[in-house]
Amino acid sequence: MTITIDMLNANQRLAVEWSQGPLLVLAGPGSGKTAVLTLRIANLITNSPDESFRILGLTFTVKAANEMQNRIRELTGDEPRRIKLCTFHSFCTDLLRQHGSQLGLKPDFSVITDDKDRLAILGEMGASGEVEIDDPEDSLKKIDTMFTHGITADELPGYFDSGQEDTCRALQDVFRGYLARLVKDNQLDFGSMLHFTRELLASKPRIARQVRMVYRYVCVDEFQDTNLAQYKVLRLVSPDSSSNLFVVADDDQIIFQWNGADPKRLEELKQDYTPQIIQLPENYRCPAEVVKIANQLIAHNPGRASAKLDGVSQNKVDGTVKLQEFANFEDEVAGLISEIEPIPRNHRETCLVIARSNKLLTHVQTAMHEKGLSAEIVSRHQDFVSPLVQLMYFAMKVANAPDSRSLLNKLCSAATLVNDIIVSAEDVSAKAKVEDQTPLRAFFALAATSETLQPFADKGKELLCDSLEYASFVDACFQLFDQLNVTGGENEAYPDYSDDKQNWQRIAQEIRQSHGEGVSLHIFLQEMDLSPKAKPLSKDCVRLQTVHTAKGVEFDNVFVIGLAEEQFPTYFAIKKGELAIREERRNCFVAITRSSQNLYLSYARSYFGWDKRPSRFLDEMGLLDA
DNA sequence: GGCGGGACCATTTTT
DNA sequence: TGGTCCCGCC
């Protein structure tokens with residue numbers, strides 16, 4: 001159903017029709033914030049047919065950006081030319097591909113997504129002696145802290161006490177050296193994208209001015225998730241209280257604090273922009289019973305956005321809230337299963353089991369499978385898992401980043417999985433060196449000696465090395481792979497191949513839609529890398545998710561398990577103290593507000609042999625008597 | 001055989 | 001914060 005402007009309540013309409021200056025929309029769970037955001041963007045476009053400015057909509061996940069993109073397409077027809085809806089990171093890559101040459105970047109840099117590759121860089125830096133690194137993992141951690149807080153090497157001394165000058169200088173050297181390496185190798189990681197974008201906009205006022213002129217309206221979804229680095233970039237795009245900055249946030253849903261999100265950010269926003277504030281307290285998702293306990297729970301968090309109203313339920317469905325206690329975790333899982341079993345198979349997709357940790361979910365899944373129930377742990381990001389698709393993908397990646405040792409390793413392991421003979425990265429490198437050719441060419445030459453891989457290797461040499469026609473290479477690969485996947489029997493030779501192929505073709509289609517048919521290889525790979533590769537789940541499959549991955553979703557039947565002290569809130573949070581407990585409380589708030597009808601809560605007196613008390617949150621929700 | 005003490009385990013994950 | 005087990009020592 002498409003939501004139109006006449007279906008909105010007064011506050012929502014006020015937000016949608018907001019035109020000038022900064023606005024903060026405080027939107028609770030199920031308050032229709034995405035509808036408000038998309039309608040406002042559509043509204044701005046339709047009301048300014050003669051203008052040429054563009055609207056920038058920033059999100060944190062690719063999924064959120066895609067969803068909004070689709071909704072806006074429904075509202076405005078296919079007119080996305082004046083709208084740029086993307087993640088913070090994608091905004092940064094685009095900007096850096098366009099203007100990064102000013103900082104010495106090439107427009108065709110590739111994107112590192114694997115921490116192992118980043119560790120390898122630090123390891124090489126240490127080994128070559130250019131800087132002193134004795135613990136690459138520790139260095140990486142420190143670099144990431146600097147990245148998430150948007151700290152530059154020059155700013156670093158401000159974070160060290162006097163007497164620590166040497167430690168500080170050492171970290172400065174590592175940080176500068178690491179960035180220089182990325183530039184030299186023509187590849188960026190997520191943190192450096194934000195770093196360089198900030199540097200670009202701060203040091204090149206002409207470019208900053210141009211960006212501000214093009215994007216006269218900026219909208220940010222889930223603002224509470226911004227870390228300091230992202231906020232610093234945002235401040236350069238929308239500099240002051242005269243900017244048309246439209247921000248949607250819920251400070252009760254800050255659950256990525258370990259990733260740089262912070263309740264302070266909302267305070268900073270208020271100080272820096274003095275925005276008007278509109279509250280959307282109406283909750284159209286959860287039944288009254290759920291809203292009631294959610295309010296009682298979150299009321300225990302002090303210092304929430306001032307005068308934030310209590311959520312008011314607008315969902316007239318009769319929901320149920322049920323709490324169960326068990327002697328131990330095994331019983332708790334059995335109880336959960338007996339709750340789900342009576343639900344007809346083709347309705348099981350309405351069931352979402354939420355736990356604080358993956359550990360509990362793994363046990364639930366095993367128990368459900370033993371009982372013949374279909375259940376899947378849903379994680380947001382997945383990589384291609386079938387060796388065939390990996391083989392094709394990594395070959396393309398090596399074509400794009402010929403000197404990457406780790407990509408070559410991955411390509412060779414994929415080849416080994418498909419092949420009957422072992423293709424080793426050492427052999428490939430040695431051959432490349434001796435014959436003075438690229439590693440990819442050497443790889444294809446070696447792979448061609450295998451009967452299975454020979455057609456693949458020939459196509460690769462022709463379409464990735466002799467010429468660069470990666471689209472034809474993909475077509476040729478799928479033709480070959482389809483044959484390799486047939487065993488003669490019922491089963492596929494490569495069980496995950498079909499899912500991977502489906503994901504690939506769907507994403508490739510999306511990329512062509514937003515970037516055009518002739519999209520270059522590095523952009524294609526970047527988008528392919530960052531797109532979520534969700535496994536399609538059947539109607540009889542119960543979804544199992546951690547609180548963090550469940551953020552933003554909505555299910556009729558929600559089961560929150562493991563509501564015991566030291567599980568939820570976690571042992572770590574209890575040890576860390578009050579601030580961490582507040583984040584756990586928000587976690588719990590997010591978990592229970594996923595329910596649009598029934599909410600089932602449970603805890604056990606004992607987990608893995610350890611006695612536990614019921615979670616304090618149950619008490620705070622008013623569900624425990626005395 | 002009885003004891004004291006230490007080890008065990010311990011979260012979330014996008015881009 | 002927990003219960004339990006195992007080791008070493010007396």
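Analyst: A residue counts as buried if 20 or more other C-beta atoms, placed from the backbone, lie within 10 Å of its own, as exposed if 12 or fewer do, and as partly exposed in between. This is a predicted model, in which local features need pLDDT of at least 70 and side-chain atom pairs pLDDT 80 or more, while totals for chains, interfaces and linings use all residues. Residues are numbered from 1 along each chain as written, and chains are lettered from A and ligands numbered from 1 in written order.

Start with Asp436. Helices (H or I, at least four residues) and strands (E, at least two) are DSSP runs, numbered from the N terminus. The phi of Asp436 is positive, near 50°, although the residue is not glycine. Most residues other than glycine have a negative phi, and most peptide bonds are trans.

Phe608 also has a positive phi near 50° and is not glycine. Phe608 sits in the loop between β17 (606–607) and β18 (610–611). Phe608 counts as exposed because it has 11 C-beta neighbours inside 10 Å. Then there is a cis peptide bond, between Phe568 and Pro569, with omega about 10°. Pro569 belongs to the loop between β15 (555–560) and α24.

Now the DNA. Gly609, Trp610 and Asp611 are among the residues around DNA strand C, together with Glu566 and Tyr571 (near: C-beta, placed from the backbone, within 6 Å). That surface has two nonpolar, one polar and two charged residues. Here Ala, Val, Leu, Ile, Met, Phe, Trp, Tyr, Cys and Pro are nonpolar, Asp, Glu, Lys and Arg charged, and the others, Gly among them, polar.

DNA strand B has 24 residues around it. The closest are Thr61, His89, Phe190, Asn358 and Thr546. Five helices each supply at least two residues of the surface near DNA strand B: α3 (62–76), α4 (88–99), α14 (358–370), α23 (547–550) and α24 (571–576). By class, the surface near DNA strand B holds eight nonpolar, 13 polar and three charged residues.

Next, the strands. Strand β7 (residues 244–249) is largely enclosed by the rest of the structure, because five of its six residues are buried. β7 runs parallel to β1 (residues 23–27), with four bridges between them (strands pair at two or more DSSP bridges). In that pairing, Val25 stands opposite Val248. β6 (residues 215–220) pairs with β7 too, again in the parallel sense and over four bridges. There Cys219 faces Phe246.

Ile277 lies in strand β8 (residues 276–280). Leaving out neighbours within four places in sequence, Ile277 is in contact with Leu24 and Leu26 (C-beta atoms, placed from the backbone, within 7 Å). Ile277 is partly exposed, because 16 other C-beta atoms lie within 10 Å. Ile277 and Val553 are 276 residues apart in sequence and 25 Å apart in space, C-alpha to C-alpha.

Last, the whole. Chain A has 26 helices and 18 strands. Of its 626 residues, 43% count as buried. Its C-alpha trace spans about 80 × 65 × 60 Å along the principal axes. Among contacts in chain A with a separation of 6 or more, 75% join residues 24 or more positions apart.

Note on methods: Contact = placed C-beta atoms within 7 Å.
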